[in-house]
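Dear colleague,

I am passing on a structure for you to look through, and below it I have written down what was found. Please keep it open beside the text as you read.

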Amino acid sequence: MKTMLIVFHSLTGGTRQMAEAAARGGAAQAGIQVDLVEASKAGAADVLRADGYIFATPENLAAMAGMMKDFFDRTYYDALDRIGGRPYAILVCAGSDGQNAVRQIERIATGWRLRAIADPIIICTHAQTPEAIFAPKLLPPQDLSRCEELGSALAAGLTMGIF
Ligand SMILES: Cc1cc2nc3c(=O)[nH]c(=O)nc-3n(C[C@H](O)[C@H](O)[C@H](O)COP(=O)(O)O)c2cc1C
């Protein structure tokens, strides 16, 4: 049995839907346990136990969400030099950009010596006004399918020993 850890934070639901879609894709593979854990509740034990990772965050103020950063701050040194070579992927929900959140997570993953197994997925909600920014998000099924496929690909690679 291989374990896939999905750590996520979400304020208005977009990233949560992306993370849940990836979890569905992963769970559809035999021999995979999916741990879908909110960033505020995830710790170093979750990271060390897993064989592969998906990190999912909103982009807030041109950065990963603070709760996601807090997760990395709490776990980085406990996991350093203990998870090198494991596969990972990134999901970002953004209003219009998302690139900087990706860059920040990539730098941390480089420090951990993780291996990216796919291009990051960024889904933009195009929310611009304060009302739209704080409104609950409902992401299009075709975008969520991409997240589901990513979860499925990571899980398949883990069970087949490709990663
Ligand atoms: C405080 C705040 C700052 C934001 N800053 C950015 C930003 O810098 N770039 C961007 O593309 N979207 C930005 N957004 C939009 C969010 O990324 C977008 O609403 C996304 O859906 C949030 O994901 P969630 O639904 O999982 O909370 C910001 C939203 C908030 C609340």
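In which loop is the place of Ala62? Before the answer, please bear in mind that this is a predicted model. Ala62 sits in the loop between strand 3 and strand 4, where it is partly exposed, with a relative accessible area of 44%. Most residues other than glycine have a negative phi. Ala62, although it is not a glycine, has a positive phi of about 60°. Arg113 is likewise not a glycine and has a positive phi, of about 65°; it lies in the loop between helix 4 (99-112) and strand 6 (115-116), and it counts as exposed because its relative accessibility is 58%, where the cut-off is over 50%.

Ala63 belongs to strand 4 (residues 63-64), and it counts as buried because its relative accessibility of 18% falls under 20%. Leaving aside neighbours within four places in sequence, Ala63 is in contact with Pro58, Ala101 and Gln104, while the C-alpha atoms of Ala63 and Gly98 are 8.0 Å apart, although these residues are 35 apart in sequence.

Helix 6 (residues 141-160) has 20 residues, and at 1.5 Å a residue it should span 28 Å, which agrees with the 28 Å between its end C-alpha atoms. Its buried residues include Leu144, Cys147, Leu150, Gly151 and Leu154, and among the elements that cover the buried residues of helix 6 are strand 1 (2-8), helix 1 (14-27) and strand 5 (87-94). After helix 6 comes Gly161, whose phi is positive, near 75°.

Best wishes

Conventions
Residues are numbered from 1 along each chain as its sequence is written. This is a predicted model: local features need pLDDT of at least 70, side-chain atom pairs count only at pLDDT 80 or more; totals for chains, interfaces and linings use all residues. Side-chain values use heavy atoms; hydrogens and water are left out. Helices (H or I, at least four residues) and strands (E, at least two) are DSSP runs, numbered from the N terminus. The expected span of a helix is 1.5 Å times one less than its number of residues. Buried means under 20% relative accessible area, exposed over 50%, partly exposed in between (1.4 Å probe, protein chains only). Contact means heavy atoms within 4.5 Å.
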